[in-house]
Amino acid sequence: MSALPATAVSPGARASGSTVATVSQWPAPVLGHTRQNGSATGPVSLHHFGYLRLIVCETGTLCLTRGAGSIAPDSGDAIAVMIPRHGTVRLVQDGRGSLVESGQLALIDLRRAFSVEQRERTRLLFFRLPAHALHLPVSTLRTVTARALAPADGVAALLAPLLLGLEESAARMPAAVGERLGGIVTELVAALVQECTESAVAGGESPLAGRRQLIVTIREYIDRHLEDPELSTERIAAAHFISVRYLHRLFEGEGVTVGRLILRRRVEECARELARRARVSRSVSVVASRWGFRNAAHFSRALRAVYGCSPQEWRREAGVRPGAAV
């Protein structure tokens with residue numbers, strides 16, 4: 001199927017072909033693939049309800065990814081409410097991941113990086129609406145994105161049936177009625193975000209809790225990948241579906257930049273290993289390479305900057321340092 005721009009799609013339009021191409025032209029530019037590295041195909045339905053847009057995808061295993069590097073300043077001002085009609089979908093955004101089950105709601109900020117992955121055949125609904133119509137700051141939206149919201153009570157219990165009903169009756173709904181309902185959906189989405197935010201605060205969850213957890217998650221990721229010489233701020237940001245700029249902002253209050261943290265942790269691990277192996281013949285270059293340094297000279301300079309001595313001096317002193325050989 002050729003890509004269908006939103007301006008050219010009439011209510012009830014339907015086609016079969018590349019799900020990725022359609023999603024890229026409609027909700028947001030994405031990269032997509034199946035787990036078998038094939039082309040994701042299946043029926044796709046597109047509908048308008050005023051400025052509210054609906055895309056219905058029926059496809060097998062699929063991963064839709066929008067990286068921070070693919071987002072241009074003029075890439076659009078929109079969010080999406082995602083609902084799996086059946087099956088389970090994994091959603092990641094803002095360093096947070098959730099498994100969204102059939103009938104549950106989840107919000108995606110289409111202005112930022114995200115990933116949607118399904119491992120089974122799924123009927124997936126995306127309701128796209130202008131972010132500015134919610135009259136909510138980006139910081140508030142960040143507390144709600146990529147969370148699986150069960151429609152058991154509150155605003156979600158009102159919104160979910162309405163969205164499912166829109167999908168079922170879209171093809172026969174008069175345009176004027178659809179436009180009015182689109183406005184109601186927008187108000188309910190805004191109310192849902194506010195409800196979730198207020199509930200988190202009332203429950204003792206600080207508005208900064210999500211930010212703190214993301215920092216902890218990133219630090220754990222860095223520790224797991226210290227041995228990779230390609231570890232960089234770009235790779236870390238991409239792995240957590242945030243921009244490099246936001247990654248640096250997260251660490252402004254940490255007393256260390258991301259780059260310095262990587263270097264310091266590598267030096268610490270090298271120093272620990274050299275001390276542990278003080279009586280074992282293992283070259284400094286081997287230890288340095290194991291922990292991600294490209295050459296021994298770089299490691300030597302880094303160790304001296306942190307501990308004030310060379311690797312050889314550190315290793316000699318380790319023989320008399322209490323507990324060094326443990």
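## Strand 7 and its partners

Let's start with strand 7 and strand 10 (residues 114-118), which pair in the antiparallel sense over five bridges. You can find one point of this pairing at valine 89, which stands opposite glutamine 118 in strand 10. Keep in mind as you look that this is a predicted model.

Strand 7 also pairs with strand 8 (residues 96-100), again in the antiparallel sense and over five bridges. Here glutamine 93 has arginine 96 of strand 8 as its bridge partner. Two residues lie between the strands of this hairpin, and aspartate 94 takes a positive phi near 55°. How much of strand 7 is covered? Strand 7 spans residues 89-93, and four of its five residues are buried.

## The largest nonpolar core

Now turn to the largest nonpolar core, which has 33 residues. Within this core, Ile218, Ile222 and Ile236 touch the most other members. Several helices give two or more residues to the core, including helix 5 (209-224), helix 6 (233-239) and helix 10 (296-307). Which helix gives the largest share? That is helix 8, with eight residues.

Leaving aside residues up to four places away in sequence, isoleucine 218 touches Ile236, His240, Ile242, Leu247, Leu250 and Phe251.

## Another core

As background, nonpolar side chains tend to be buried together in soluble globular proteins.

Key: Residues numbered from 1 in each chain as written. Predicted model: local features only at pLDDT ≥ 70, side-chain atom pairs only at ≥ 80, totals over all residues. Heavy atoms only, no water. Buried < 20%, exposed > 50% of the residue type's maximum accessible area, 1.4 Å probe, protein only. Pairing = 2+ DSSP bridges. Core = buried A, V, L, I, M, F, W, Y, C linked by side-chain atoms within 4.5 Å. Contact = heavy atoms within 4.5 Å.
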